[in-house]
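Hi,

Here is the model I said I would pass on.

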Amino acid sequence: MEKESVVHGTCPHDCYDTCSLRVYSDGARITRIAADPDHAITRGFLCMKVNRYMERLHHPDRVLYPLRRKGPKGSGEFQRIAWDEALGEIAERMGAIINAYGGEAVLPYSFAGNMGCLSSGALDARFFHAIGASRLDRTICTASGNAALRWVFGSAFGPDPETIARARFILLWGANSMATNIHGVPLMDEARKKGAAVWTVDPLKTDTAERYDRHLKLRPGTDLALALGLGRHLLDTGRYDRNLMLEHSDGFDTYRKLVQPWTLARTAEATGIPMAEIEELAERLAAVRPLLLRVGYGVQRQRRSAAAVWAISVLSLLTGSWRDVGGGLLLSNGDAFPLQSLAGDSPATRTVNMVQLGHALLDLSDPPVKALVVYNSNPAATAPDQARVLKGLARDDLFTVVHEQMLTDTAKLADFVLPAAMSMEVWDVHTSYWHRYVQLNQPAAPPAGEAVSNPEFFRRMARALGLSDERLQHDDLALIRQTLDTDHPWMDGITLETLLEDPVQKLRIPTESRPFLDTPVTTPHGKFRLQPPPGTAVDVWDDAGDLPEREFQLLTPSTRETIKSSFGNVASLRRGHPAPELLMADDDMRRLGIEHGQKVRVRNELGSVVLQAVRSEVPQPGTVVSYAVRWNHEAGGKNINQLTSQDLADFGGGATFYSARVFVESAAS
Ligand SMILES: Nc1nc2c(c(=O)[nH]1)N[C@H]1C(S)=C(S)[C@@H](COP(=O)(O)OP(=O)(O)OC[C@H]3O[C@@H](n4cnc5c(=O)[nH]c(N)nc54)[C@H](O)[C@@H]3O)O[C@H]1N2
Ligand SMILES: Nc1nc2c(c(=O)[nH]1)N[C@H]1C(S)=C(S)[C@@H](COP(=O)(O)OP(=O)(O)OC[C@H]3O[C@@H](n4cnc5c(=O)[nH]c(N)nc54)[C@H](O)[C@@H]3O)O[C@H]1N2
Ligand code: SF4
Ligand SMILES: [Mo]
């Protein structure tokens, strides 16, 4: 065996933390993956998932060679073939579809399986633009929340997480850091050691809610009411930042009118949070500085997503939280990175919202979707309204090509599966949606089997389809140079050459710089917008009131053990939860006569799934929980997304996963 060597890697998964890795190999194979001990965020530890990465890297589900479907669609029977043969057949089928129906009959479907700059929105985008494919609106995760931030502030930008320890009051609003942002926990713990209080606003008693000082247990989907009620109280008591509201913002009068109906009494009634607690929270917001509103994406998977994030954003201005280093609102730093887009110009083809994949596959005409190319995503498990998605994917006349690392539920429905490299086997450069580091990802070993990176897959696809534009063949290092090629002062000196020397570099924004005070407000008029985003109907409150006996609100949030469906096949992570579960409050189980451990059918007008009932203190009565998401074979070919809908949120086109209503009954009945 050769001597072990080490390179710098970046965790590619869809996670706030974008950790810095040391990846060791013996030249042929990756031998171990460790945390970078020197990185300011990673601090020498990884999460429980990536601590078990060797199991994922060398997993028996891993796709190592091109596969062509052998049995009927969805049978999961494939035959290994050569790359050239696969590409030849794909080119022939896709070429025929494009000739007969036009480029828009091809739909790309991808999300953040690998967050690297070369792994999405690069040669993939250039390829789909070149064939005139339908465009995909990538809305499944953050669209509504980020749209609301861009509406109020001009961009999805917030404080540097390295200032968190300076905060003295931290409100974790719809964020479960213990599961989804584990590297935020030491920073909050440090703030607490220095005297900070940390409160959570979450319908569920999460590990995070349990860890910190106070848990405000609100009814799901009522964040808008809470934020408006807090706003009215601060206005009524005269404790707000007049200068920010009047001099630096538009729409204060509109806002003032919209909070009027939200007395403390009405807010308490709508949210289920006792009036005294709301008042106490308002007192803290008025008095304690620095004040950090650490908002999570859980707030924006409801029908009123954008309105909620808008109202919380206005609260961050009303309180003047941005004035202190360590304060402000932190949901996303996604727009902080001024890298060049690698996507190139897009023709004005139709746009398909990815939340509505089921609709796109079953209902679109002129042209219908005849070819689907999936990479970085597993929609058979993760897209809402799964019954329609699976029906669409099962269409005999749909030609599906999946570029994957694992034989996922989506891959099993494909006509061709092409092997995708692991991030530890490829070049890339990474930003983060939370912290402010640009990081290089160096390959530690060649791709296993015949796997290829995403850019290499699309270079091959372009050649197979006879596309001659040389920009479709740019190599990885050229692409890294292109994305870093900017005069923006925040990127000063961050080049491929310097990253090779020093693979972790912080954007040149001083840690102490206060967003939107020391940097510009990037809305069209340079002022904060206090009016609600268009179409959000903030003045209409249609609280559904009490639910009928068997109707529950279903929440399907993230769990520590997986990232959506990724890691769902890593056995050591699933050991404690072999079957898909439905967490229920004791009261509800008793009322319905359901025993702990029994099978229950969970259903609504969209579909049904059988899960194992688990008595739990996590949900409050009236709410049930099933963590997202399990692989479909674990529940007879389907999962919890049978029950989530394709409905869009109020603004930004985002998903409404957490607005689901379901009935629960004994599966024996
Ligand atoms: N019920 C419910 N459903 C949800 C959610 C929820 O909260 N509740 N959350 C939603 C959210 S927030 C999101 S972001 C989506 C995520 O949904 P998806 O985008 O489907 O994410 P994953 O399930 O992680 O699947 C990513 C896939 O990409 C593959 N992959 C990883 N790296 C690469 C690569 O380099 N190349 C290629 N070709 N493939 C790669 C992985 O093997 C994996 O199968 O799920 C949504 N679905
Ligand atoms: N371990 C792990 N880490 C992950 C992921 C994962 O699946 N597992 N997913 C990654 C992805 S794709 C994303 S987008 C992020 C998401 O990470 P977060 O931003 O933390 O968002 P969620 O996990 O969707 O939900 C956070 C919390 O919101 C709560 N919530 C649900 N409905 C409401 C509501 O109406 N109001 C309020 N106030 N709270 C509500 C949920 O109970 C949950 O505790 O995490 C990333 N990191
Ligand atoms: S999944 Fe998140 S916490 Fe885990 S190693 Fe990757 S970036 Fe870090
Ligand atoms: Mo997400």
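Predicted model: local features only at pLDDT ≥ 70, side-chain atom pairs only at ≥ 80, totals over all residues.

Residues are numbered from 1 along each chain as its sequence is written, chains are lettered from A and ligands numbered from 1 in the order in which they are written, and side-chain values use heavy atoms, with hydrogens and water left out.

Now the interface. Between domain 1 and domain 3, about 1,600 Å² is buried, and carbon and sulfur atoms give 47% of that (buried area being the accessible area, 1.4 Å probe, that two parts lose on being put together, summed over both). On the domain 1 side, V355, D385 and Q386 lose the most area to domain 3, together 31% of what that side buries. In terms of contact (heavy atoms within 4.5 Å), 22 residues of domain 1 meet 23 residues of domain 3.

What about polar contacts across the interface of domain 1 and domain 3? The rule (a pair of N or O atoms within 3.5 Å; within protein, one must be able to donate a hydrogen and the other to accept it, and residues adjacent in sequence count only if both atoms are side-chain atoms) finds 16 residue pairs, both residues at pLDDT 80 or more. The domain 1 side that touches domain 3 divides into 10 nonpolar, eight polar and four charged residues (Ala, Val, Leu, Ile, Met, Phe, Trp, Tyr, Cys and Pro count as nonpolar, Asp, Glu, Lys and Arg as charged, and the others, Gly among them, as polar).

On to the ligands. Ligand 2 is surrounded by 35 residues (a heavy atom within 4 Å), and the closest are Y16, D202, D223, T562 and Y658. One of its nitrogen atoms is 2.8 Å from a polar backbone atom of A179, and a nitrogen atom of ligand 2 sits 3.0 Å from a side-chain N or O atom of K564. An oxygen atom of ligand 2 lies 3.3 Å from a backbone N or O atom of G174.

Around ligand 3 you'll find C11, C15, D17, T18, C19, L46, C47, V50, I182, H183 and I563. By class, that shell has eight nonpolar, two polar and one charged residues.

Cheers
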